[in-house]
Amino acid sequence: KGKPNRYRWIEREFDLSELKVLVDAVHSSRFISTKKSREIIAKLKDLTSVHQAAFLNRELYTSSGFKRDGSTALRTADILNDCIKNRTRVSFQMVDYDMYKNEVLRYDGRMHEVSPYALMWNNDYYYMVGKPSDSSEVRAYRVDRMKNASQLHVPAEREPADFSTDKYSTRIFDMFKGETQEVELSCKGYTMNYLIDRFGKDFYSEKTGSDQFTARVTVDTSPTFYAWVFQFGGDIAITSPASVKAE
């Protein structure tokens, strides 16, 4: 109370710790360009006081070249969201890079027509998961590699009966498709942390020694799955099936 009365804002929609997390996520995202990151962070700062906004100048380091040009990727993600919501197909081209770092259209610029089922966030990139019109197999497409995406006024095909977004995301390693198999792993005790990070808790495991356990997981046996196993230097070993172990 006083002359004049003064007022203090007790509670806001986002507290400072939540805004710090959001600023860090935007700043470190490969998918969002540097320019767009600055724009979003400036808007996030408007959600708090001018005094607290100073604490949102984060000293978060990202290496040179870490950011990608995501100028069109966000718009593509919006188009894909609309297609998923309205259950319509989407058409687009895919881009690769040649040895001179130039963009080149994949398959001579052929348009892909896909029934999209979900957008996934994997290794700091958006992926669209869907079924191409010329295939019965569900595939993943990296959104920032898409060009000229367009919503088609054609109903999307329904998801295959055995398709589950959750199961797909746990068995696919870095969105590399392979043969889906149940694999048995012999693991050191400390690696349970990494299996839970990768597969969640919904997989079979059994203690087999003082510091050893067996796990059975369903995965797509792609090169990226083997790379994940090899990084543990033998502390996770494939025991079956024999064909996967041999490979």
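Predicted model: local features only at pLDDT ≥ 70, side-chain atom pairs only at ≥ 80, totals over all residues.
User: What is the radius of gyration of the protein chain?

Analyst: The C-alpha trace spans about 85 × 55 × 40 Å along its principal axes. For a compact globule of 247 residues, a radius of gyration near 18 Å would apply (taken over C-alpha atoms; the globule rule is 2.2 Å times the number of residues to the power 0.38). The protein chain instead has 23 Å.

User: How far apart do the centres of the positive and negative side chains lie?

Analyst: Lys and Arg count as positive and Asp and Glu as negative, with His and the chain ends not counted. Each charge is placed at NZ of Lys, CZ of Arg, CG of Asp or CD of Glu. There are 37 positive and 35 negative side chains, and their centres are separated by 7 Å.

User: With which side chain does the side chain of R142 make a polar contact?

Analyst: R142 belongs to strand β5, residues 139-142. R142 counts as buried because its relative accessibility is 17% (buried means under 20% relative accessible area, exposed over 50%, partly exposed in between, with a 1.4 Å probe and protein chains only). A polar contact is a pair of N or O atoms within 3.5 Å; within protein, one must be able to donate a hydrogen and the other to accept it, and residues adjacent in sequence count only if both atoms are side-chain atoms. At 2.8 Å, the partner of R142 is D144.

User: Is T48 buried or exposed?

Analyst: T48 sits in the loop between α2 (34-45) and α3 (50-53), and its side chain makes a polar contact of 2.8 Å with that of Q52. Beyond four places in sequence, T48 is in contact (heavy atoms within 4.5 Å) with R12, L19, A53 and L56. Its relative accessibility is 8%, so T48 counts as buried.

User: What separates the C-alpha atoms of F232 and T191?

Analyst: F232 is in the loop between α7 (223-230) and β10 (236-240), and it counts as buried because its relative accessibility is 10%. Leaving aside neighbours within four places in sequence, F232 touches Y190, T191 and Y194. Although F232 and T191 are 41 residues apart along the chain, their C-alpha atoms are separated by 8.3 Å.

User: Which residue does a cis peptide bond join to K3?

Analyst: Most peptide bonds are trans. Here, a cis bond with omega about -5° joins K3 to its partner, which is found in the segment before α1 (16-28). That partner is P4.

User: What is phi of Y107?

Analyst: Y107 lies in the loop between β2 (103-105) and β3 (112-122), and it is exposed because its relative accessible area is 52%. Most residues other than glycine have a negative phi. For Y107, phi is positive, near 55°.

Conventions. Residues numbered from 1 in each chain as written. Heavy atoms only, no water. Helix = DSSP H or I, 4+ residues; strand = E, 2+ residues; numbered from the N terminus.
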